[in-house]
Amino acid sequence: MTPPTDPASTADASADERALGARRAAILEAVVTEYIGTAEPVGSSHVASAPGVQVSPATVRSEMVALEREGYLTQPHTSAGRVPTDRAYRYFVDHFTRAETLPVGQRRTVADFFATAHRALEDLLTETSQLLSRVSRHAALVMGPEPDTARVRSVQFVGLQSGVALLVVVLSNGAVHKESVTLPADADDERLHAAGAALDAQLHGQGWTRLPDAPRTGDAAVDELVRVGWDALTRAASDGLAEPLYVGGVSRLAAEQEAFETTERAARLFEVLEHQVLVVTLVRELLDRGLTVSIGAENGLDDLRDCAIVLAPYQVGDRPAGIVGVLGPTRMNYRHALAAVSAVSDQLGRHLS
């Protein structure tokens, strides 16, 4: 796993590295690592003995003052230690998020989940968001495959009772749509089977959002059943154009409220997650960027400026289909979050393919 870099910061990364130098960069890494672990302002004495630093506390204090002047650290109170800024987290992600895998137990949890996952797509994605939340210890986002990437695998009519049948369509992305339809009075099992076969032959392999015209069999009674089924399918296809977003572990954000600047900020974040269209728009813009970390003001929504989002697309076949990610405070454990998102996106894509 290569360190993910937000495109907006790419031009500044090499300049930042040259400007900081090895010792100052090591001190910054130590401050960020300590603050992620403790949520307490970091003093020079904690940093002086950190790996890669090994200088006197006085030297550390001098370097921390310089880092504060350059916008990497801030001091909440005069007598307190320093805390990282968004710029510090960005530098940390770009330079210190070395390739990391999940602990063995968590890797086994993820693998076992998908090995036994035989669920309808909606249930699968819902439970995947909950799995990722448990593994990452943050709120998790899973966006379903774009509807226009799905193709029809099979269509079947199933008689339920007199005058009523269930139309079942299975898509290439794993989704299963079931539509109850009212049948004409002269419908029987033979005609119902013939209508289902005609729809299956005509629609197999076709794009779910670009269905061709209803087929004709030459039998007026069967063609009427075909028309009823085709109307139900086109309604289902148009209703499914919205890209579904599944959010797991929202309660974890409540547990992390102290990481946000104010409780009002945390409350607004819950509102943003409820208005899924905003999050879908933000996440969709990042689909083509691969594994991505967006920090604070980089998120583009004011209500997310206390948050970090780690995202990775998953592929169905040979193209990106949807996204999994975690959302938490900027003080998240980026290495673990990246490992969790990478593992789940890889397994989900394999499963759906």
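Predicted model: local features only at pLDDT ≥ 70, side-chain atom pairs only at ≥ 80, totals over all residues.
Student: Which residues touch the most other members of the largest nonpolar core?

Tutor: That core holds 87 residues, and helix 1 (residues 7–38) gives it the largest share, ten residues. One of the residues asked for, Leu 28, touches Leu 67, Tyr 72 and Tyr 91 among others.

Student: Is Glu 63 buried or exposed?

Tutor: Glu 63 sits in helix 3 (residues 57–69), and its contacts include Arg 24 and Ile 27. Its side chain also makes a polar contact with that of Arg 23, at 3.0 Å. Buried means under 20% relative accessible area. Glu 63 has 8% relative accessibility, so it counts as buried.

Student: How many residues apart in sequence are the parts tied together by Arg 24 and Glu 70?

Tutor: These two form a salt bridge, with the closest N and O atoms 2.9 Å apart. Arg 24 belongs to helix 1, while Glu 70 is in the loop between helix 3 and strand 1 (73–74), so the parts they tie together are separated in sequence by 46 residues.

Student: Which residue forms a salt bridge with Arg 90?

Tutor: Arg 90 is buried at 6% relative accessible area, and the N to O distance in this salt bridge is 2.7 Å. Arg 90 lies in helix 4 (residues 86–96), and its partner lies in the loop between strand 8 (292–295) and strand 9 (307–316), 208 residues apart in sequence.

Note on methods. Residues numbered from 1 in each chain as written. Heavy atoms only, no water. Core = buried A, V, L, I, M, F, W, Y, C linked by side-chain atoms within 4.5 Å. Buried < 20%, exposed > 50% of the residue type's maximum accessible area, 1.4 Å probe, protein only. Helix = DSSP H or I, 4+ residues; strand = E, 2+ residues; numbered from the N terminus. Contact = heavy atoms within 4.5 Å. Polar contact = N/O pair within 3.5 Å; in protein donor to acceptor, adjacent residues only side chain to side chain. Salt bridge = Lys/Arg side-chain N within 4 Å of Asp/Glu carboxyl O. Lists of a residue's contacts leave out its neighbours within four places in sequence.
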